[in-house]
Amino acid sequence: MNSDTPPQGIDWVRMEGLVPAVAQHWRSGEVLMLGYMSPEAMAATRESGKVTFFSRSRQRLWTKGESSGNHLLLKSLHIDCDGDAVLVRAEPTGPVCHTGTPTCFADARPLPLAFLDALDALVARRAIDRPAHSYTTRLFDSGLRAIAQKVGEEGVETALAAVVEDDASLLGESADLIFHLLVLLRARNLDLAQVVAILARRHPGSGPETGPD
């Protein structure tokens, strides 16, 4: 948890003590919600590690999840170039919206590649919960060697599809390969973000960093 810009970068006088604060999922980039921060709310966020806003309707500080338990855990905080808005990158511990949806912008289609993060999170839950009748559970129960063998099989099928089958087959086999690779990583207590971080280091300047700023 850190910030590249100190809180005094905000022109609190010009903003009359409140700035809009956009909460963004720190891994997927999905916009979670919009709130407002006062100097006290920003200080409370930094001190507690739980994103805290100023409630304009209640006229007091409000820590996200103080009633529901669905907190936003601070990963980083950034002030825009004009000193009049804040970007909060956070990890949600449950649904963000009071309606029970993961984001307050539920009608917005997820970013295409953000689904990989959601799928990786689902695989992580399966590794812990092991629900009955789940294919992912059966994979985890089969053990690391069997999962690795499955990844090898999917890799061969993907390569063959690239050479002798149509685009739909190649895409389908690629999807199977990626899914089983996610399971293999989790079986070794690793995750997709760590792989992406390596790619980012190998190709600097090609995209956003994957970890806390």
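Visitor: Which domains does the assignment give for the chain?
Guide: Domain 1 (19–92) and domain 2 (112–202). The bounds come from an automatic or database domain assignment. This is a predicted model: local features need pLDDT of at least 70, side-chain atom pairs count only at pLDDT 80 or more, and totals for chains, interfaces and linings use all residues. Residues are numbered from 1 along each chain as its sequence is written, and side-chain values use heavy atoms, with hydrogens and water left out.

Visitor: How far apart are the C-alpha centres of the two domains?
Guide: 33 Å.

Visitor: Now α2 and α5. At what angle do they pack?
Guide: About 45°, with axes 10 Å apart. Axes are lines fitted to C-alpha atoms over the stretch in contact, and angles run from 0 to 180 degrees between N-to-C directions.

Visitor: Which residues meet there?
Guide: From α2, Leu116, Leu119, Asp120, Val123 and Ala124; from α5, Ile178, Phe179, Leu182, Val183 and Arg186. Contact means heavy atoms within 4.5 Å.

Visitor: And how much of the chain is buried?
Guide: 33% of its 213 residues, with buried meaning under 20% relative accessible area (1.4 Å probe, protein chains only).

Technical notes: Helices (H or I, at least four residues) and strands (E, at least two) are DSSP runs, numbered from the N terminus. Buried means under 20% relative accessible area, exposed over 50%, partly exposed in between (1.4 Å probe, protein chains only).
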